[in-house]
Structure formats: structure tokens, C-alpha cells
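Biologist: I am new to this structure and would like to learn how to read it. Could we start with the strands and go on from there?

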Amino acid sequence: MGTKIKAISLFVCAAALLAWPGGVRADSLIPDDAIPGEFGGYVGFGTEYNWRGISQSDEEASVQGEIDYSVGVSDAITFYVSVWGSNVDFGNDGSDLGDATLEIDYFGGFSGEIPGAPGLGWDIGGIGYTYPGVADEADFDFAEAYGGLSYDFGVASALAYVHYTPEFFGNTGDAVYFFGDVGIPLPKGLTLGGHVGRFEFDDNTAVALPDYTDWKISLTVALLGFDLEFAYIDTDISDTECGSSVCNERFYFFASRSF
């Protein structure tokens, strides 16, 4: 438990430092020319941790952070790796689910622009979802492979992705998630966003969820060095199928600061 609390506390401390006037200068830690490529990331605070339309923090506040590294391997291809973390809360029902308080994800891949098609980007990679501190026999950890395309139309941008795992959370069989997002620039630096996703499972009984659709409508803006997101989230999972309110419609707010 102490390790989990310390990890979450580090996110909070990082958020406080980045909120301080001037933030943290990356070049004070690593000179720009010391390592090829670029480092970046963000820390943020949300009203919850939303993942594919379902709250992963029992509709309680979340603290999240990410560290990224990317480097060009050719004029058209970029390699990237990232580490991301957040607090989680799956409910304290006496099962192994109640032991999970922290999620750390590791992902990486390659991205670029399709030759001869300006503005049409591609991205392929993988994600490893881990839950430190949970008993090994619970076996919540799983991995996904993903691929996607994106395009900037000028008046709007859009992307479409497919994620696949041969063994979903808790060894519940394979699963596929595909989604599409759109972003529309508005005056005053605002962006209107839309998201629709579909999650399909090999074994619905083991997952304890039906195949479902989730959607989100969001408004984002950069203000005083922070990225702010206001969103409406919902799924087509019924109260009976969900078993709690974590799948229901709700409003969401997330504030982050990049570095």
C-alpha cells in the first residue's frame, strides 16, 4: 500500500511543480543535444478516470501523468515510447478487484505520413496495461495491439483506430475495440470533439459486460498554460447489465499541463 500511495503522491507533486509559474524546464535536466529525439509528457487532474465510456475510478477524482519519448528513424517514420499512470478504483467488494489502486501502462510504436497523401497519417503499436500491487493470481495485466489512420481536412481532423487483445483483463478471452474521433476548430482557441467507440468481447459472461457502444462530446481549450476538457460521456449499457453507475451518462472535466 505504501508503494501505491507514494506513486500517486509523485503525480500530485509533479502537477504542483508544473502549475508553478514557469513550470519545470526540461533542459535543466537533460541538455537538448545530449540524446537524439524529444522528451515530453503531461500531468493532469480529472473528475474521474474514464476509459472507453466506463469510469475506472468509481466516479471519483483521478490524477494522471505521462512521459513520452520520440525519435525520427527516417524522414517519414517516427518511433515513440511512453509510460502513463493513474489511480484506479474498481470497488471494494471483497474480490481481487478491490486490491487495484494504481494502473501503469507502457506503450510504443511507429507513426508517420503515407507517401503521396499529404495529411494522411498512420500509427501502429502496442500497449501493456499493468496493475502493480495486485496478487499475481488475479492476473489483471493484459496487452493490446493497435493500428490507426488520421487525416486533417483543414476545417476538421479525424482519426480511426482498432485495438485488439488476445486475452483481455482477468483472462477473459479476446476482445476488440474500434473507434473514431473528430475534432473541429472553433473561434477563441476552442475545439469541439466527438468520439464513438465499439467494444466487442469473445466471452461476455467472463467479462460481465455486453458488447457495447460508447460516445463522448467534448469542448477543449488551452488556458493559462493548461489544457482544459469539458465532456459529456455515455454508453448503451443498461443499469442491469452494468451493475453500478460507472457506465451511466455523466459530465467530465480534465485539466492537464504539458512539459
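Modeller: Start with a turn: a hairpin joins S4 to S5 through four residues. The model is predicted, so local features need pLDDT of at least 70 and side-chain atom pairs count only at pLDDT 80 or more, while totals for chains, interfaces and linings use all residues. Residues are numbered from 1 along each chain as its sequence is written, and side-chain values use heavy atoms, with hydrogens and water left out.

Biologist: How many helices and strands does the protein have?

Modeller: Helices (H or I, at least four residues) and strands (E, at least two) are DSSP runs, numbered from the N terminus. The protein has three helices and 14 strands.

Biologist: In which sense do S1 and S4 pair, and over how many bridges?

Modeller: Two strands pair if DSSP finds at least two bridges between them. Strand S1 (residues 38-46) pairs with strand S4 (residues 62-72) in the antiparallel sense, over nine bridges. Within this pair, Tyr 42 has Glu 66 in S4 as its bridge partner. S4 is also joined by nine bridges to strand S5 (residues 77-87), and these two run antiparallel. Here Gly 72 stands opposite Thr 78 in S5.

Biologist: And the side chains along a strand?

Modeller: In a regular strand the side chains alternate between the two faces of the sheet.

Biologist: How many bridges join S9 to S10?

Modeller: S9 and S10 run antiparallel and are joined by nine bridges. His 163 stands opposite Tyr 177 in S10. S10 is in turn joined to strand S11 (residues 191-201) by 11 bridges, again listed as antiparallel. S11 then pairs with S12 over nine bridges in the antiparallel sense, where Gly 194 stands opposite Ile 217 in S12.

Biologist: Which residues does Gly 194 touch?

Modeller: Contact means heavy atoms within 4.5 Å. Leaving aside residues up to four places away in sequence, Gly 194 touches Gly 180, Asp 181, Val 182 and Lys 216. Gly 194 lies in strand S11. From Gly 194 to Gly 180 is 14 residues in sequence and 8.3 Å in space, C-alpha to C-alpha.

Biologist: What share of the contacts joins residues at least 24 apart?

Modeller: The share is 47%, among contacts between residues at least 6 apart in sequence.

Biologist: What percentage of the residues is buried?

Modeller: Buried means under 20% relative accessible area, exposed over 50%, and partly exposed in between (1.4 Å probe, protein chains only). Of the 259 residues in the protein, 37% are buried. Gly 194 counts as partly exposed because its relative accessible area is 22%. Gly 154, in the loop between strand S8 (142-152) and S9, counts as exposed because its relative accessibility is 57%. Gly 154 and Pro 185 are 31 residues apart in sequence but 9.0 Å apart in space, C-alpha to C-alpha.

Biologist: What is the accessible surface of the protein as a whole?

Modeller: Accessible areas come from the Shrake-Rupley method with a 1.4 Å probe; for residues, only the protein chains shown count as cover. The protein has about 14000 Å² of accessible surface, and 63% of it belongs to carbon and sulfur atoms.

Biologist: Which phi angle does Asn 171 have?

Modeller: Asn 171 is not a glycine, yet its phi is positive, about 55°. Asn 171 sits in the loop between strand S9 (157-165) and strand S10 (175-185), and is partly exposed at a relative accessible area of 45%. Leu 224, also not a glycine, has a positive phi of about 55°. Leu 224 is in the loop between strand S12 (212-223) and strand S13 (226-235) and is exposed, at 74% relative accessibility. Lys 188 takes a positive phi near 65° in the hairpin of S10 and S11, which has five residues between the strands.

Biologist: What volume does the largest pocket have, and which residues lie nearest its centre?

Modeller: Rolling a probe the size of a water molecule over the atoms shows where empty space is left. On a 1 Å grid over the protein atoms alone, a pocket is an open set of points where a 1.4 Å probe fits, with protein on both sides within 12 Å along at least five of seven lines; lining residues have an atom within 4 Å of a point. The largest pocket has a volume of about 1700 Å³, a volume being the space filled by probe spheres set on the points, which are joined across faces, edges and corners. Its lining has 44 residues, with Tyr 42, Glu 66, Phe 179, Asp 181 and Lys 216 nearest the centre.
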